[in-house]
Amino acid sequence: MSELHHYDVAIAGGGLVGASAALALARAGLRVVLFERRYCGAQASGVNYGGVRCQGRPAEQLPLAMRAREVWRRLPESIGIDGEFVVSGHLRLARSEADLAGLAEYAHMAAEHGLHLELIAGRAFRTRYPWLGSAAIGGSLCETDGHANPRLVSPAFAQAARRAGADVLELTPLDDVTYDGARFQLSANGRRFSADWLINAAGAWANTIAQRFGDAVPMQPIYPNMWVTEPLPQFITHNLGVYGGGIYARQVARGNCIIGGGRGYGDGQYAQPSSDTTRTVMRDACALLPMLREALLIRSWSGVEGCTPDHNPIIGASHRVPRLLHAFGFSGGGFLLAPGVGEVLAELVVSGATATPLAAFDVDRFVPAAASLPSITSS
Amino acid sequence: MTDAARIVIVGAGPAGVRAAETLVAAGLRPLVLDEQSRCGGQIYRQPAAGAGFERSKRTLYGFEAAKAHALHSTMEALLPHIGYQADTLVWDCEARNGQGGRLVALHDAREQNVPFSHLILATGATDRVLPIPGWTLPGVYTLGGAQTALKTQGCAIGSQIVFAGTGPLLYLVAYQYAKAGARVAAVLDTSPLAAQARALPKLARQPATLAKGVYYVGWLQAHGVRIERNVTLERVHGERSVTSLAWRRADAGNGDEAIVETIRCDALALGFGLRPETQLADIAGCRFRFDDTTQCWLPERDAAGRSSIAGIYLAGDGAGIAGADAAELAGRRAALAVLEDLQCEATPDAHHEETASLERAMKRIAVFRSGLEAAFPPPFGRAASWPDDTIVCRCEQIDAGTLRRCVRAGEAKEINRLKALTRVGMGRCQGRMCGEAALALIADETDCSMQTVGRLRAQAPVKPIPLAAALGDDALAAIPEHARDE
């Protein structure tokens, strides 16, 4: 029988959520172990588009988003690198008068949460953005939004957690996890672990853990489709989105334009970009950004992401098992949120509560009201 | 059953042409897609149509003129019986095991979808590139690039040229340049003569090929061309372009400046053997294995050329470097495998004798090839000596020091991880030029084998594609509502 290692908190998943939770918990002085079956930040956390954006999020996400944005502001102090985070502003484009009206309505709502947006249209818009195609007639600018490099940011959170004292175990898939009525019992790579708390941050694969505790949610894998151009002279000044969705674009300091939209395909484990989607977005991107007509596309990619029916994540405590926290299902919008979610999870562990409203992210919200289940007190 | 077959061959080099020939002989009409303007692949590459110069096949291909001629004429005769589209870059492949798939190609500045039931990948090879300080200066070419300039455009890369690196191509290209009237300043081979001597028994299995190699060396020596073996390439010098190459004998002590010799030149052809172009097989999802002999990752295949995906076949140097003669055999064999698989059990033994003899011949060549690999080992072990300021990834300007610091910090000991953290292999070439160097560098830093540090995964497109190519495509659907993220 191998030696049993005991921790205050065990975390399943080394994505940005798991790693930032590990960092916050280790800094709070807790003993933390994190299990990652591959490499930290190598899945959706590391291959996503890289938008750091509050604008466009639904009202229920804004308090969490605004809190997460504060973590981004302190990124170098927190993880030791700037992660190529640029406060470029996020410009959400309108293609019709109806879109403009929608943007105005959204701006009104966002202001109530302290998020200030500037609406630009007509001649002012054209003068300010001569590099945008005529398909865009106006937009809403959120100056405090930006973009960053997920390939750097996500692994850096795991490295920072390690430096803060967390045991971050890569290439270590969880073979078994149970609750014995007092503690969580885990085994991985032939070693046994126990923990008082368990955080399920296993991303698109989180249901495999959730269902062991009766907490499975309806979640589907999605495969966002993205591609990048060769380096071009700087011309895209903001992180760009479109009202109603469909395409998003940013340009990094090196000059490459990163553009996403639509879906690739996959088998739940691995994702591949779709050339049909890529070509559709190539065409749409040329209409939106005519400068791209002269550019070369050098790489396309996708990743596996968990998507819930209402596109909101699952964040918070299980109603069946004590000291089990879930944080997954970010539905393509988790990059900005994740560092804030890590702090929220740490608060839940340390003080049992958080000031950030999580009701909309309850794990049981998809369970029909009649089917309430008794809590499990022992396995 | 064969009525529904839609057989596509990618590549019109020795493997692709022989595969097409075999299929046509069986009454089928394959579609051949080739990136080049004219057939022949790299080895039997033809001058561009209307190139403005005339060189005989004898001049262009030397001892291989007859083979080149045979391949070009075969293709000529096949044209009425096949679909053939030149100037076509196949940049993506979506395959379903046993159910065919679809290629995505760029032709005439337009995008194309090419469905297939069976696919023969005969995608060929490129130079294996390893860095030395200064290798990104203008005037430094790959060996294959230098040869292509001569074959296709009838021009030399410089007026005083050093050929450096290793592999049989080193002597061949130097010979071709000298014959064409260029001034060859020196041939510097990083492999020791002893390795070539040790490999002789295996090389002697193909006496004619061995004799040609010996001839090139003898000819160069007889014409006063300096040949040095067992050298270490130190640095390419030059401000705006190459002006000289510094080297020393590998068995001399490190860091002893006195023994470093400098050769003046205005061009340098640099190559360390060939590497297979496996990206399409990779993107299609074929399984790969690490090949110890050639120290690289190759798509798995059986003796006939079947990949791990039913309906996808691999032939020629694109599946593993074996040379043009083996490629012709492998092309035939893969085409016969398509016929076997198409006919299921109807006539299983129809080609039995031919397949057996092809496989025997391919095996003989494989022994010879293992001798070549031993005679001309690429100096992967030199990675430790690359100074920190040596550019490894030229597209993204990533130097050896950046990669080492990332590995030493414990952040990456696997190649895709190193790519994610440092951008190595993320540029226009997508690691086709720098991937192996990066692999060698991590292997050296971590004291692991190149196999252990992993495989740089290919991602579409195989080569850069212009965005404008999608503009004329009316068949593109809009992004569906459910997939509209912001």
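B:D92 stands opposite B:V104, a residue of strand 5 of chain B. This is a predicted model, in which local features need pLDDT of at least 70 and side-chain atom pairs count only at pLDDT 80 or more, while totals for chains, interfaces and linings use all residues. Residues are numbered from 1 along each chain as its sequence is written, and chains are lettered from A and ligands numbered from 1 in the order in which they are written.

Helices (H or I, at least four residues) and strands (E, at least two) are DSSP runs, numbered from the N terminus, and two strands pair if DSSP finds at least two bridges between them. Strand 4 (residues 88–95) of chain B runs antiparallel to strand 5 of chain B, and 7 bridges join them. The hairpin of these strands has 5 residues between them, and there B:G98 takes a positive phi near 80°. Strand 5 of chain B is also joined by 7 bridges to strand 6 (residues 110–116) of chain B, again in the antiparallel sense. B:L106 has B:E111 of strand 6 of chain B as its bridge partner. The hairpin of strand 5 and strand 6 of chain B has 2 residues between the strands, and B:D108 in the turn has a positive phi of about 55°. A residue is buried if 20 or more other C-beta atoms lie within 10 Å of its own, exposed if 12 or fewer, and partly exposed in between, with C-beta atoms placed from the backbone. Strand 5 (residues 101–107) of chain B is mostly covered, with 5 of its 7 residues buried.

Helix 5 (residues 168–179) of chain B is also mostly covered: 11 of its 12 residues are buried. The buried residues include B:L169, B:L172, B:Y175 and B:A178. What covers them includes helix 4 (143–153), strand 10 (160–166), strand 11 (183–189), helix 8 (207–222), strand 16 (267–272) and helix 11 (352–375) of chain B. Helix 5 of chain B reaches 17 Å from its first C-alpha to its last, close to the 16 Å expected at 1.5 Å a residue; the expected span is 1.5 Å times one less than the number of residues. Just after helix 5 of chain B, B:G181 takes a positive phi of about 105°.

Chain B as a whole has 14 helices and 23 strands. Its C-alpha atoms fill a box of roughly 70 × 60 × 45 Å along the principal axes. For 486 residues, a compact globule would have a radius of gyration near 23 Å, and the 23 Å of chain B agrees with this; the radius is taken over C-alpha atoms, and the globule rule is 2.2 Å times the number of residues to the power 0.38. Of the 486 residues of chain B, 53% count as buried. Two residues are in contact if their C-beta atoms, placed from the backbone, lie within 7 Å. Of the contacts in chain B with a separation of 6 or more, 68% are between residues 24 or more positions apart.

Domain bounds come from an automatic or database domain assignment. For chain B this assignment gives domain 1 (2–126 + 275–371), domain 2 (129–272) and domain 3 (381–446). The C-alpha centres of domain 1 and domain 3 of chain B lie 32 Å apart.

B:V392 lies in strand 21 (residues 391–393) of chain B. Why does B:V392 count as buried? B:V392 is buried because 30 other C-beta atoms lie within 10 Å. Leaving aside neighbours within four places in sequence, its contacts include B:P131, B:L403, B:V424 and B:L441. The C-alpha atoms of B:V392 and B:M362, 30 residues apart along the chain, are separated by 35 Å.

In chain A, the assignment gives domain 1 (4–48 + 151–217 + 309–371) and domain 2 (90–143 + 224–302), with C-alpha centres 31 Å apart. A:S274 is in the loop between strand 18 (271–272) and helix 9 (275–288) of chain A. A:S274 counts as buried because it has 24 C-beta neighbours inside 10 Å. Beyond its neighbours within four places in sequence, A:S274 is in contact with A:N225, A:R263, A:G264 and A:Y265.

The contact between the chains takes 29 residues from chain B and 35 residues from chain A. On the side of chain B that touches chain A, helix 13 (415–422) and strand 23 (465–466) of chain B each supply at least two residues. Helix 13 of chain B gives the largest share of that side, 3 residues. Strand 23 of chain B pairs with strand 19 (residues 296–302) of chain A in the antiparallel sense over 2 bridges, and B:I465 is the bridge partner of A:L297.
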